[in-house]
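Please read the following points with the sequence and the model open beside you. They are written as a colleague's note for someone new to reading structures, and each point takes up one topic.

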Amino acid sequence: MKRLRLFLWLIIAVATLAMGWVVGLVAIGAWSLGALSAFRKARHALAPTLTCPACAHQVPQYGRFSCPTCKAVSTGWAWSCAICGEREALLFMPCPGCGHALRNPLV
């Protein structure tokens with residue numbers, strides 16, 4: 001009887017450890033994919049220029065920009081106002097070549 005109880009406990013322990021490894025492996029895989037996606041978005045957002053998909057014009061992400069919220073003109077990154085710190089209103093900017101809307105790569 002003791003051997004059977006020990007055997008059942010061992011099977012339950014091994015099954016629990018095995019399931020724990022599977023859950024951990026899935027969690028690490030999901031985290032890795034999320035981190036890779038965030039890295040890819042950050043790489044595009046911090047690049048000096050974006051390529052317009054409509055006309056292939058190189059649109060600068062750094063320079064003089066006007067904030068749609070506070071209407072201030074400042075020099076800096078296109079997706080964040082240096083004066084008021086607004087980021088939510090800066091989701092799109094027009095391509096100077098064709099007027100096509102370019103989306104913020106971080107969104």
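1. The second largest pocket is lined by V59, P60, F65, S66, A78, W79, L90, F92, M93, P94 and P96. The elements that give two or more residues to this lining are β2 (58-60), β3 (62-66) and β5 (92-94), and β5 gives the most, with 3 residues. Strands here are DSSP runs of E with at least two residues, helices are runs of H or I with at least four, and both are numbered from the N terminus. The volume of the second largest pocket is about 170 Å³, and its lining has 10 nonpolar residues, 1 polar residue and no charged ones. In this count Ala, Val, Leu, Ile, Met, Phe, Trp, Tyr, Cys and Pro are nonpolar, Asp, Glu, Lys and Arg are charged, and the others, Gly among them, are polar.

2. Before going further, please keep in mind that this is a predicted model, in which local features need pLDDT of at least 70 and side-chain atom pairs count only at pLDDT 80 or more, while totals for chains, interfaces and linings use all residues. Residues are numbered from 1 along each chain as its sequence is written, and side-chain values use heavy atoms, with hydrogens and water left out.

3. How are pockets and cavities told apart? On a 1 Å grid over the protein atoms alone, a cavity is a set of points where a 1.4 Å probe fits but cannot get out, whereas a pocket is an open set with protein on both sides within 12 Å along at least five of seven lines; lining residues have an atom within 4 Å of a point. Grid points are joined across faces, edges and corners, and a volume is the space filled by probe spheres set on the points.

4. The largest pocket has a volume of about 230 Å³. Its lining is made by 13 residues, and H44, L50, R103, N104 and P105 are those nearest its centre. The elements that give two or more residues to the lining of the largest pocket are α1, β1 (49-51) and β6 (101-103). Sorted by class, this lining has 6 nonpolar, 4 polar and 3 charged residues.

5. The structure holds 1 cavity of 30 Å³ or more, and about 70 Å³ of space lies in the largest cavity. Its lining consists of F65, S66, C67, S74, T75, G76, W77, A78, S80, C81, A82 and L90. The elements that give two or more residues to the lining of the largest cavity are β3 and β4 (73-77), and the largest share, 4 residues, comes from β4. By class, the lining of the largest cavity divides into 7 nonpolar and 5 polar residues, with no charged ones.

6. Which residues other than glycine deserve a look for a positive phi? Most residues other than glycine have a negative phi. A56, in the loop between β1 and β2, has a phi near 65°, and K71, in the loop between β3 and β4, has a positive phi of about 65°. A56 is exposed because its relative accessible area is 53%, and K71 also counts as exposed because its relative accessibility is 60%; buried means under 20%, exposed over 50%, and partly exposed in between, with a 1.4 Å probe and protein chains only.

7. In the loop between β3 and β4 lies P68, which counts as partly exposed because its relative accessibility is 40%. P68 and A47 are 21 residues apart in sequence and 22 Å apart in space, C-alpha to C-alpha.

8. Helix α1 (residues 2-45) contains L8, and T16 lies in helix α1 as well. L8 counts as partly exposed because its relative accessibility is 45%, whereas T16 is exposed, with a relative accessible area of 53%. The C-alpha atoms of T16 and V26, which are 10 residues apart along the chain, are separated by 15 Å.
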